[in-house]
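Here is a short report on a protein model. Look at the sequence and the structure first, then read on.

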Amino acid sequence: MSDDQTESGKTRTRPAPARRATTGSKPARKAAPARKRSRYTREEIHAIFARFRAADPEPKGELFHVNAYTLLVAVALSAQATDVGVNKATRPLFAEVDTPQKMVELGEDRLREAIKTIGLYRNKAKNVIALSQILIDRFNGEVPQDREALETLPGVGRKTANVVLNIAFGQPTIAVDTHLFRLGNRIGLAPGKTPLEVELALERIVPDEFLRHAHHWLILHGRYICKARKPECEKCLISDLCKSPENRTRVSARASTG
C-alpha cells in the first residue's frame, strides 16, 4: 500500500506545501552600535593638549635607536616587554648591527643570543631576520614610509607601523599601546573597545596642531602619572579637567565643599 492511498484504495489528497515568502529582500541587519563619544568639549580637548605641549614641547619615544631600521627592530622587539629591557639588549647590538644587511649577516643564532633577555626572543629573532631579508629584497634595504607596506613585514602590526611612521618619518600617526588604551577609556577622552577604535577616535578629536605628538604625551602620561593600579591624580597637570570617576582630586574637592 502506497503512502498516497487509503485502505479503500481512494487517493488521499495531500495539503499543498507552504511557500516561503519571496519578497527578494535580505534579512534586516542589526544596527551598528552607537559610537562612544568623548566626554570633553573641543575647548577642553584643546586645553588638555596645550598643557601637555607646554610641559613637554618635543616628547621622545623611550626606545633606543640610531636610524629608522633600528627603530623598527626595537619596536618589534618591545612587544610584551619593557622599553628598559629592550634597550639593555639593543644598545650593544645596534652599535654593531644597524642595517638589514648586517642583521642578515649576523644570523638568527647570534641574534637570539644577543636578545635572549627579552621575552619571546626566539620568535622575535626569527621575525627580525625575516623582515630584514624582505627589506633587502623588496625595499632596497630601506624602511618603507607606508603603513600598508610596513604591515607586510613579519612581526609588524599596526601599532609598530604607527610608531615607526611617527618617530622616524614625522607622520601624525597614533600608536595605541596598553597605557594609551587604558587612558583613553579611563578618563573618557577617546573611549573604545579596541585599540583601533581608540586610535580612530583620537584622530577625530585631537586638533591638528597636536596630532604629531599626541600619542607620546598620552603614553607617557599613562605610564608615569595615570598608572594602571593607582593613578597619581595629585601630580596630574590636567586633574581639574579630568572627568574620570577615579579622579581623586575631584572627589576631595567635593568632600571639602560638602
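In the largest pocket, α11 gives the most to the lining, with five residues. This is a predicted model: local features need pLDDT of at least 70, side-chain atom pairs count only at pLDDT 80 or more, and totals for chains, interfaces and linings use all residues. Residues are numbered from 1 along each chain as its sequence is written, and side-chain values use heavy atoms, with hydrogens and water left out.

**Overall build**

The protein has twelve helices and zero strands. Helices (H or I, at least four residues) and strands (E, at least two) are DSSP runs, numbered from the N terminus. Of the 258 residues, 40% are buried. Buried means under 20% relative accessible area, exposed over 50%, and partly exposed in between (1.4 Å probe, protein chains only). Take contacts between residues at least 6 apart in sequence: 59% of them join residues at least 24 apart. Contact means heavy atoms within 4.5 Å.

**Pockets and a cavity**

Rolling a probe the size of a water molecule over the atoms shows where empty space is left. The search uses a 1 Å grid over the protein atoms alone. A cavity is a set of points where a 1.4 Å probe fits but cannot get out. A pocket is an open set with protein on both sides within 12 Å along at least five of seven lines. Lining residues have an atom within 4 Å of a point. Grid points are joined across faces, edges and corners, and a volume is the space filled by probe spheres set on the points.

| Space | Volume | Lining residues nearest the centre |
|---|---|---|
| Largest pocket | about 490 Å³ | S78, D83, K159, D177, R223 |
| Second largest pocket | about 290 Å³ | K36, R37, S38, R204, I205 |
| Largest cavity | about 110 Å³ | C226, P231, C233, C236, C242 |

The largest pocket is lined by 24 residues. The elements that give two or more of them are α2, α8 (158–169), α9 (178–186) and α11. By class, this lining has ten nonpolar, eight polar and six charged residues. Ala, Val, Leu, Ile, Met, Phe, Trp, Tyr, Cys and Pro count as nonpolar, Asp, Glu, Lys and Arg as charged, and the others, Gly among them, as polar.

The second largest pocket has 14 lining residues. Here α1 and α10 (195–205) give two or more each. α10 gives the most, with three. The lining divides into seven nonpolar, two polar and five charged residues.

The structure holds one cavity of 30 Å³ or more.

**Two crossing helices**

How do α1 and α11 cross? The axes of α1 (residues 42–55) and α11 (residues 211–224) come within 10 Å and cross at roughly 80°. That makes α1 roughly perpendicular to α11. Axes are lines fitted to C-alpha atoms, for helices over the stretch in contact, and angles run from 0 to 180 degrees between N-to-C directions. Angles of 65 to 115 degrees count as roughly perpendicular. F49, F52 and R53 in α1 meet A214, W217, L218 and H221 in α11. By class, the residues of this contact are five nonpolar, one polar and one charged.

**Positive phi**

Most residues other than glycine have a negative phi. Q80 has a positive phi, near 55°. Q80 lies in the loop between α2 (68–77) and α3 (83–96). At 75% relative accessibility, Q80 counts as exposed. L120 also has a positive phi, of about 60°. L120 sits in the loop between α5 (108–114) and α6 (121–139).

Notes:
Parallel < 35°, antiparallel > 145°, perpendicular 65-115°, else oblique.
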